Amino acid sequence: HYYVKDPRQRITMEFLDARGQRIQSFTSEQDAESAADSIRLDSIKTVAIDSLTRTGMTRDSATKVTTARFSGPGALAGGDFEALFSRAQRPPRVPNKAGLNTFSWNMRYPDAERFEGIIMWAASTTGPKAPPGTYSVRMTAAGQTESQTFRLMKDPRSDATDADLQEQFRTLIAIRDKTTEANLAVRLARNLRWNVGDRTDKLNGQQQAEFKAIADKMMGAVTVHENEVYQTKNQSGQDPLNYPIKLNNKIAALAGTVSEGEYRPTVQAKAVFNELGTQLDVQTKAMNKVIDDNLPALNAILRAANLPELRKSTDEIKPQKPAVAM
């Protein structure tokens with residue numbers, strides 16, 4: 001709980017562990033994804049209202065009908081429920097109205113990295129909850145910073161020791177980080193695939209033929225490894241019923257088992273994690289090797305054609321959303 005004298009000022013809220021290391025940070029400003037959603041939704045609503053008024057409906061009635069249509073769980077995705085449930089949850093905003101405000105931390109560490117359109121079965125990328133211990137919150141507003149320490153307590157009914165819960169937390173962090181590794185490998189493959197296609201289209205004649213021959217062989221191998229890391233056939237939430245889950249899903253699903261209650265991770269859970277982690281290492285190392293072996297030859301052709309070179313990147317190249325017709 002905190003009091004703000006002047007409204008609409010920028011406020012940041014940071015949560016730190018006992019060593020003063022930042023766990024999570026939140027702000028009163030809207031994140032870029034949510035802002036883009038708001039703009040897109042406003043455009044769609046405007047078109048819908050205009051369409052209804054052309055049928056003879058009054059603008060007031062058209063506005064009410066449209067507002068009702070775009071309220072609810074599918075609103076931010078423009079009515080696309082598959083997109084809604086495959087996207088990362090937007091970070092909560094810190095309230096900054098004048099007077100008394102309240103912000104609730106869900107006590108979780110940052111999530112694993114994701115990629116656009118990810119679909120998993122009985123698994124998620126949600127970060128683990130902070131274990132019992134001493135923490136602090138640091139709020140900055142109007143050029144001033146205030147801090148307050150607090151303790152997270154374990155369930156008094158639990159028989160788990162602090163050592164048990166710390167081991168559970170360490171295992172969950174390891175699972176989260178391995179899930180991130182897997183998902184970043186998919187992002188690497190997708191980024192490279194897009195850039196290879198982009199450069200191929202800009203080359204001509206013999207240069208294009210030489211580039212394409214090398215790139216096709218490289219991307220064929222990259223795709224094989226990508227398909228072992230993620231089930232690329234998944235296009236909707238029900239597809240895992242037909243296509244078997246792959247390594248990123250199997251690793252992420254372990255988090256649900258390990259965090260099911262307040263207890264030390266079982267020997268079996270750790271054994272499965274180590275086995276899956278080893279399998280993932282084989283795929284990611286092989287993917288990186290085939291890329292490293294082929295990029296020099298591909299970039300030599302691109303330099304000769306005065307085109308930007310290829311590089312290994314996990315940046316997402318998101319498809320452009322269709323423009324709204326007016």
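Predicted model: local features only at pLDDT ≥ 70, side-chain atom pairs only at ≥ 80, totals over all residues.
Strand 2 is covered on both of its faces: I11, M13 and F15 are buried on one side, and T12, E14 and L16 are buried on the other.

**Strand 2 and its partners**
- Strand 5, residues 133-141, runs antiparallel to strand 2 and is joined to it by 6 bridges.
- Within that pairing, M13 has M139 of strand 5 as its bridge partner; M13 belongs to the buried face that also holds I11 and F15.
- Strand 3, residues 22-27, pairs with strand 2 as well, in the antiparallel sense and over 5 bridges.
- Here L16 stands opposite R22 of strand 3, and L16 lies on the buried side with T12 and E14.

**The hairpin**
- Strands 2 and 3 form a hairpin, with 5 residues between them.
- In the turn, take a look at G20, whose phi is positive at about 85 degrees.

**The chain as a whole**
- There are 7 helices and 6 strands in the chain.
- Read from the N terminus, the order of elements is β-β-β-α-α-α-β-β-β-α-α-α-α.
- Of the 326 residues in the chain, 38% are buried.
- Among contacts with a separation of 6 or more, 67% link residues 24 or more positions apart.
- The chain's accessible surface is about 18900 Å², and carbon and sulfur atoms contribute 52% of that surface.

Terms used: Residues numbered from 1 in each chain as written. Heavy atoms only, no water. Helix = DSSP H or I, 4+ residues; strand = E, 2+ residues; numbered from the N terminus. Buried < 20%, exposed > 50% of the residue type's maximum accessible area, 1.4 Å probe, protein only. Contact = heavy atoms within 4.5 Å. Areas by Shrake-Rupley, 256 points an atom, 1.4 Å probe, with all protein chains shown as cover. Pairing = 2+ DSSP bridges.
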